[in-house]
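Dear colleague,

I am passing on the structure below, followed by some notes on what was found in it. Please read the notes with the structure open beside them.

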Number of protein chains: 2
Amino acid sequence: MSRTAGSSGKKTLAAIHEAGLDLIHERGFEAVSLRHLAARVGLQPGSLYNHIETKQDLLFDLIHNHMVTLLQSVDAELDGIEYPLARLKAFIAFHLTYHIERKREVFIGSSELRSLDPKNRKKIVALRRAYEERLCDILKRGTEKRLFKIDDIPVSAYAILAMLTGICTWYDAKGRIDRKTLIDIHTRLVLQGVLK
Amino acid sequence: MSRTAGSSGKKTLAAIHEAGLDLIHERGFEAVSLRHLAARVGLQPGSLYNHIETKQDLLFDLIHNHMVTLLQSVDAELDGIEYPLARLKAFIAFHLTYHIERKREVFIGSSELRSLDPKNRKKIVALRRAYEERLCDILKRGTEKRLFKIDDIPVSAYAILAMLTGICTWYDAKGRIDRKTLIDIHTRLVLQGVLK
DNA sequence: TATAAAAACGATCATACGTTCGTATTCTGG
DNA sequence: CCAGAATACGAACGTATGATCGTTTTTATA
């Protein structure tokens, strides 16, 4: 046999990305072989190479897509919101929502950084730093306007991000806590920690 | 050649554990081959099997040792401290200190859980839960005594732990922030978030 | 000091890996 | 409707992997 009826490049690549996210999330990049991946998509291993350059490039594309989307989304979400407190609240709600909805991407984007070769890793780290800066900016503005009392802005930003991102490892959308409650709890925790 | 002069089981196993922590921390469990490991220790690959059962068992031992030590240490540290606020402060300081000093173990203990087979993972998760319970207990006591105002104890505990554990990924002991400052910042963040 | 246990070597096993390639089939633009 | 591009197959490549084994040398015990 050879080319399958109905096959289309775009659809297959999307399926590869989807299966890649699933498998890497479950087992880790190193533990996922291209044979696993191909089987999940319904292809022979060699056929993957009609759509990806290398396994490494696949990982980079997955993480890069995620980071770009994350940045665009946060900017869209914060756009038009002026006051630091409102911006902080919006940031928290956005971050939690996004991280709930894209568990796989977020997890891979942080835990598989070390599987990227240095050049690729550098690009991703730059994007991540840009995202962190969004929060730092909010904290800085709030401090300048004497709304927040913060000992050290970068450290506090890291701490807050770690706290908010942590939900990825335990939050179950079907569990006891609904999304709104989750956001409320975290908003209160962060605000109390930060407000003057 | 065969048995090397001066070789001793205890020392070699310790060297294997040490090299294992280093390599797994740097590259991830799946990416570390027994050949890498053996080379780092200065052995032939086959010789590892005089000291470990399997690669999987090595990982389990590393994580298990870490979790047991963590639990013993936290209990020793909190022993004798009565009041919830003091206990919470002690917990925060302990957790941060321990996580700074044992970056590798902590990182491996959370990021390589998925590389454990189900039986081993279950044991580790139970130990981790026991550790989380230490914090939950503190929060509960504090809430009962009307010292803390907490919306949801488990969620808050996870959030706090995520925040405190996050330092592993960025804190550099030789960097701008010294340990005491780090502890102060985090203590303030947590306490404000939790106090009535 | 004799002897068994411990520890290391080096060769080797079967398997799995990422990737390449020639070929066959299907899709698509002119 | 036909030609060339796109897509997939299936076999194969060289390499790396976790693990085993027989052998040899060192250490420790009695």
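To begin with one residue, in which helix of chain A is S156(A) found? The model is a predicted one, and in it S156(A) belongs to helix α7 of chain A. With a relative accessible area of 3%, S156(A) counts as buried, because that value falls under the 20% cut-off. Leaving aside residues up to four places away in sequence, S156(A) touches L139(A) and I150(A) as well as I185(B) and L189(B).

Turning to the interface as a whole, 34 residues of chain A are in contact with 34 residues of chain B, and the two chains bury about 2,700 Å² between them, with 59% of that area on carbon and sulfur atoms. On the side of chain A, the residues that lose the most area to chain B are R114(A), V155(A) and R188(A), which together make up 22% of what that side buries.

The side of chain A that touches chain B draws at least two residues from each of α1 (9-27), α5 (103-111), α7 (153-165) and α9 (179-194), and α9(A) gives the most, with eight residues. By class, that side of chain A has 16 nonpolar, eight polar and 10 charged residues.

With best regards

How values were computed
Residues numbered from 1 in each chain as written. Chains lettered and ligands numbered in written order. Predicted model: local features only at pLDDT ≥ 70, side-chain atom pairs only at ≥ 80, totals over all residues. Heavy atoms only, no water. Contact = heavy atoms within 4.5 Å. Buried area = accessible area lost by both parts, 1.4 Å probe. Helix = DSSP H or I, 4+ residues; strand = E, 2+ residues; numbered from the N terminus. Nonpolar A, V, L, I, M, F, W, Y, C, P; charged D, E, K, R; others polar. Buried < 20%, exposed > 50% of the residue type's maximum accessible area, 1.4 Å probe, protein only.
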